[in-house]
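Please consider the following protein model with attention to its side chains.

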Amino acid sequence: MKHIYIGLIFCICFLLNFSKATAQYGEILSWENDTIDNKVEVAFRTMNERDLLGGVSVIDMEEMTEKAYTTNSLGFVENLIGGVNGNIWGMDEYLVVIDGMVRDANNVLPTEIKQITVLKGPAAVVLYGSRAAKGVVQITTKRGTVGKSTISIRANTAMLTPKAFPEYLGSAEYMTLYNEARMNDGSDILHSPEKIYNHASGENPYRYPNLNMYSSEYIRKASNRSEAIAEITGGNNRVKYYTSTGYYRENSLLKVGNSKDNYTSRLFVRGNIDMNLRDFLKVQADANVTFYDAFTAAGDWWTNAASLRPDRVSPLIPLSYLEENDLLSGATINASNYIIGGKYFLGGTQLNPTNPIADSYAAGNSKFVSRQFQFNTVFDFNLKSVLQGLHFRAKYGIDYALTYNQGYTNEYATFAPTWTNYAGVDMIGSVQQFGNDNKTGDENISNSAYRYTYNFSGQFDYTKTVNDDHNFFGMIVANAWQRQLSGQYHRISNVNLGLQASYNFQHKYYVDFSSALPYSVKLPEGNRLGFSPTLTFGWRPVKEDFFGDTAFDDLMLTVSGGIISQDLDIATDDNEMGYYLYKSILQRGGWYSWADLGGEAATDFQRGNNPDMTFVKRKEINVGVRGSVWDQLLSFDLNFFAGKMDGDIARVNSLYPIYFTQVGYPTSSIIPYMNYNMDNRKGFDFSLYLNKKVNEVDLTLGMTGMYSKTEAGKRDESFEYDYQSRINLPVNGLWGLESLGFFNDQEEINNSPKQQFGDVSPGDLKYKDQNGDGIIDNNDEIYLGRWDTPLRLGLNFTAKWRNFTFFALADGFFGGQGFKNSSYYWVRGENKYSDIVRNRWTEETKDTATYPRLTTSNGANSFRNSDFWLYKADRLNLSQVQFTYDIPEASLQGTFVNGLSVYVSGYNLLTISNERKHFEMNVGGAPQTRMYNIGLRGTF
């Protein structure tokens, strides 16, 4: 492994030094104009932006990063263009391609990116094969430019403040309500009034603890993130180079024990080089190295903060409470390795012998380590000696990623004091020790994992223009990538042949045929080769004579349809890789014979054989309209899509006799997986941009959005009642019971349908009997809504006046619902009590209560999915605001500085929603934060 590290770092250094050295030579060979200004990178080619057909959107990242700083490579995608909402056109698992290689988007920074292209329609993605069936995000990194070396420096430092913390009850209130819960269940109270009073008084928080893990005693008001990035670019007509390097470090909000040293850091170096070796040969060589570390003290702070009850333990107890004459307790404690600050010993109890505060001081630490190495090269042969316009291009890339955890795991002792009181003064009379100090000093290496990724493509493409009117393009491409994951026998593969044939007449009439032959080993022999045809037509009516003198600067109409064969959905919950699902499985075991047969295990079926299994097919048609009016005052891009995902695999019980499946123990079935399920999907996306200059102010207002809906078109169902059918309802539907309020007395319970989810008492939820059978059970669950947000809107605004630039982003989400079913809302049993229980049902509050009665049981009747817990997910987020000031060039004359800008920016600033508290609160995890950043950008 050490040799791999050294070799790849050497490779980058070689590329950078070679590029600088060759830049000293004269202009030996002419460099063809390959600028991508007004050009767009799509699958395996570069196109003029005006010739794009439907289902393709583009972001100029160089322009964006001039006015808006972000830490996320895809941070602008969902806002600046339509069609993306955590997925592309309502699908999932979109493919990320960086410089032609399948890679992770989080391993490239926004400042390194030249352009992002989002491929949405079938014709746009088909050449990438099966793995691209649900859309592609294609990232093109920056490359060198002809000219003197230019150095760009960017430095940022940011303050991150928590948005909100969950609100939990203090000890006294919790103990009071816990007593109430026990009485509701017919049990005696656990906490005496005197004990509750002592916890409430706060006179001795060490004897009567009131632990709040979200207090300023343990958590900083803000954490810090600082970053510095340098970019160098230059070259001549023979060699061009681009390199970037940078480092960021972010600390933690925690400030207790060793957790105050928690941090995350990333160091990277990237080098891209373009070489014109001959008049017929260009070569690109790129390399990237990333070192990522995340150090944390032992313990799961945020999970414990949501579960550890406030009265259970006092984590740090002053030594001053020890009686002077209790030499035994003093000696026991002083023998510990962990006397905190010389003043405190670690507290514990029999029920809680350890705690997260003690963990932070004594349990050790862990560092997550990630190392990524990437290298790729491109060969571009101009075969004009054979045929003018003919090229052969080949790409090859290899990536290696390694992750592991290293750290130290320690054991430690805690002490439970026995308190006494002399003359009104609390003292510790004795202590009981739990555990022992054990610090071996041995470093642990665990969770080691690796990932290899290989990319290869080779293509012949041909470009020809006849009489400046007829424009032809043809391409045949072979594309393959493969990924090997540690611990998995089978590699993830994508292999396909692609063919594209395009023609346009005067950039007015367009026709494109693109297709692929994907190959998948997930399928049985004979069915492993698929066919994915697409056909697209385009028309630019503004070039027609009859269009006349109109307000349109440009107008492009497209219609496209296709069938994409894919194997992404050939997978199951217990076989995520999806291999051999077409084969039957027989296994030995499950049940055993009697002794007269020797006690041998039986052999049973787990599934049957299906030699006819084939690809799942994305069948879709989309219509697009793109253009601008009134001298670019308004530009627009609109797309409508409708299609289906046909042939998703399922075990279809209704097609087979009942005796094909054995129920009970052991279960057995010879029903195979087959292509059966179908989902129907439709929607639209749009991008609208208004550009206007008012006096000296340049204004740009953008509005983007997408609406999508995916419904179950075909399922194998056996529901007794029609209202439970999933067909023609959203696949991401929320299902549950319809609540009718609370039971207010036992008579109401007796006169209502019997609820089958456990014991029911006054104050529990009452449900509607949907089928009228007098019983409330799972058969009464109905469709309540969809958990995602079908409508997503993005707003962006830019105002530039002289040297000042203002930029803002806002995001809207509408039409979705969700269940409030985390431990913060479903408070039962021994859970920690949140502030929501204050509105609980009691005999006194039965007319105003908004929360069920408290219980120490599992509360299975009330704490289940129903419309009682349903909320609307509509919200509007102010995601980013930035002010930038460019130092006037006149002020920099006579210096080595060519340009200098300073900016301040804020992120995740505001949420407008009826459910704002819910959306801004994390339960069991680190809090969401607002970020306030100040940055400097300079060019030298």
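The paragraphs below take these topics in turn.

This is a predicted model, in which local features need pLDDT of at least 70 and side-chain atom pairs count only at pLDDT 80 or more, while totals for chains, interfaces and linings use all residues. Residues are numbered from 1 along each chain as its sequence is written, and side-chain values use heavy atoms, with hydrogens and water left out.

Rings of Phe, Tyr and Trp (its six-membered ring) pair if their centres lie within 6.5 Å; planes under 30 degrees apart count as stacked, over 60 as edge-to-face and the rest as tilted. By this rule the count comes to 47 aromatic pairs. In one of them, the ring centres of Phe-472 and Tyr-503 are 5.0 Å apart and the planes stand at 45 degrees, so the pair is tilted. Distant parts of the chain are linked here, with Phe-472 in strand β20 (residues 470-485) and Tyr-503 in strand β21, 31 residues apart; strands (E, at least two residues) are DSSP runs, numbered from the N terminus. Phe-472 is partly exposed, at a relative accessible area of 37%, and Tyr-503 is partly exposed at 25%; buried means under 20% relative accessible area, exposed over 50%, and partly exposed in between (1.4 Å probe, protein chains only).

A further pair, Phe-804 and Tyr-885, is tilted because its planes meet at 35 degrees, with centres 4.7 Å apart. Phe-804 belongs to strand β40 (residues 804-814) and Tyr-885 to strand β43 (residues 875-886), so the pair ties together parts 81 residues apart in sequence. Ring pairs also join Phe-165, Tyr-168, Tyr-214, Trp-302, Tyr-824 and Tyr-825 into a cluster.

Tyr-168 also has a charge over its ring: the charged end of Lys-832 sits there, 4.6 Å from the ring centre. The criterion is NZ of Lys or CZ of Arg within 6 Å of the ring centre and within 35 degrees of the ring normal. The charged end of Lys-714 sits over the ring of Tyr-676, 4.4 Å from its centre.

Strand β21 also holds Val-495, which is partly exposed at 38% relative accessible area.

Finally, Gln-115 is placed in strand β6 (residues 113-119). Is this residue buried or exposed? Gln-115 is buried, with a relative accessible area of 7%. Its side chain reaches the backbone oxygen of Lys-39 at 2.9 Å.

Conventions. Helices (H or I, at least four residues) and strands (E, at least two) are DSSP runs, numbered from the N terminus. A polar contact is a pair of N or O atoms within 3.5 Å; within protein, one must be able to donate a hydrogen and the other to accept it, and residues adjacent in sequence count only if both atoms are side-chain atoms.
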